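Visitor: I have a structure on screen and would like to learn how to read it. Can we take it feature by feature?
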Amino acid sequence: MKTLLSIILLFMAISAFSQDEELANIPVTTDSEQALGLFNEGMDALNDVLLVKATEKFNEASELDPDFIMPQVMLALGNLYNNDIDNFKLHANKVLKSRAPLTSPEKLIQEAIKKLDENPQADVSEYGKKLVKLYPESVMAHDLLANFQNIAKDYEGALKTYESALKIARKPAPIYNAMGYAYMSLNQMDKAKESFDKYLKAAPNSANAYDSMGDYYAKTQDLQQAQEYYQKAYAMDSTNFMISQQKAEKIKEQVAEK
């Protein structure tokens, strides 16, 4: 399942492969230490594909500090990637109305959200590239650039960003996952399989790694393998991966119809 910010959203690749220790490389503005802590918890949850928890933490952080834009940025981008324009605009509006004295990178992010609010199909990759140029060692900066590239369907550009992020990331597993989906979007299935294999090897205890491999096999029409991987994901984490069970059931119906 691609990492997104809602119960069944597909925010991956938009991948939220951000890692909290990298966040410090991009100065953020909040008067609430507790809000910052909740945001970091949300990013950790997102990294582990605990989507409900991530959304809850971002919302809690925003309640404590309504002018803290980063939780709303993540919620906005997640909904945009899922083509939920109404909820995207809801969160984008909160980003744009912040009264906080934003840092330079936050202003770049806010401007990107403004452009997307005006045109949800806009290519705002230039803002992500500026962030990476300012903070080349920040996984968070790479994450945001990849988000913008995926929204613009620039999957080749996103893959270059992932390759760059691999050189600095503490945890490469989510990046391999993101790469797998980008390769699938380009119909480069051999490379997608290779990326998902690396994801499984790097995160053997992750239910999402099995769900992602299930998506790969579903796309290649190896339905038996897809069903097995989906069932494995659900068996590992039935709370967060009910969607895997649903996908397994749908495949079972498809097989029965043949």
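Visitor: At what angle do helix α2 and helix α4 pack, and how far apart are their axes?

Guide: Start with the general idea. Two packed helices are described by the angle between their axes and the distance between the axes. Keep in mind that this is a predicted model. Here, helix α2 (residues 33-47) packs on helix α4 (residues 69-81) at an angle of about 25°, and the axes are 10 Å apart. That angle makes α2 roughly parallel to α4. The crossing of the two is left-handed.

Visitor: Which residues of α2 and α4 meet?

Guide: From α2, look at Phe-39, Met-43 and Leu-46. From α4, their partners are Met-70, Pro-71 and Met-74. Sorted by class, this contact has six nonpolar residues, no polar ones and no charged ones.

Visitor: At what angle do the axes of α10 and α11 cross?

Guide: Use the angle and the distance again. Helix α10 spans residues 173-185 and helix α11 spans residues 189-202. Their axes come within 8 Å and cross at roughly 160°. Angles over 145 degrees count as roughly antiparallel, so α10 and α11 are roughly antiparallel to each other. Their crossing is left-handed.

Visitor: What classes of residue make up the contact of α10 with α11?

Guide: First find the residues. The α10 side includes Tyr-176, Met-179, Gly-180 and Tyr-183. The α11 side includes Lys-191, Ser-195, Phe-196 and Tyr-199. By class, the contact has 12 nonpolar, three polar and two charged residues.

Visitor: Lys-191 is on that list. Is Lys-191 buried, partly exposed or exposed?

Guide: Compare its relative accessibility with the cut-offs: under 20% is buried, over 50% is exposed. Lys-191 sits in helix α11. Its relative accessibility is 42%, so Lys-191 counts as partly exposed. Now check its distance to Gly-180.

Visitor: Now the whole chain. How many helices and strands does the protein chain have?

Guide: Count 14 helices and zero strands.

Visitor: What share of the residues is buried?

Guide: Of the 258 residues in the protein chain, 55% are buried. The accessible surface comes to about 11,700 Å², and carbon and sulfur atoms hold 46% of that.

Visitor: What share of the contacts joins residues 24 or more positions apart?

Guide: Take the contacts with a separation of 6 or more. Residues 24 or more positions apart account for 59% of them.

Technical notes:
Residues are numbered from 1 along each chain as its sequence is written. This is a predicted model: local features need pLDDT of at least 70, side-chain atom pairs count only at pLDDT 80 or more; totals for chains, interfaces and linings use all residues. Side-chain values use heavy atoms; hydrogens and water are left out. Axes are lines fitted to C-alpha atoms, for helices over the stretch in contact, and angles run from 0 to 180 degrees between N-to-C directions. Helices (H or I, at least four residues) and strands (E, at least two) are DSSP runs, numbered from the N terminus. Angles under 35 degrees count as roughly parallel, over 145 as roughly antiparallel, 65 to 115 as roughly perpendicular and the rest as oblique. A crossing is left-handed if the near helix is turned anticlockwise from the far one by less than a right angle, and right-handed if clockwise. Contact means heavy atoms within 4.5 Å. Ala, Val, Leu, Ile, Met, Phe, Trp, Tyr, Cys and Pro count as nonpolar, Asp, Glu, Lys and Arg as charged, and the others, Gly among them, as polar. Buried means under 20% relative accessible area, exposed over 50%, partly exposed in between (1.4 Å probe, protein chains only). Accessible areas come from the Shrake-Rupley method with a 1.4 Å probe; for residues, only the protein chains shown count as cover.
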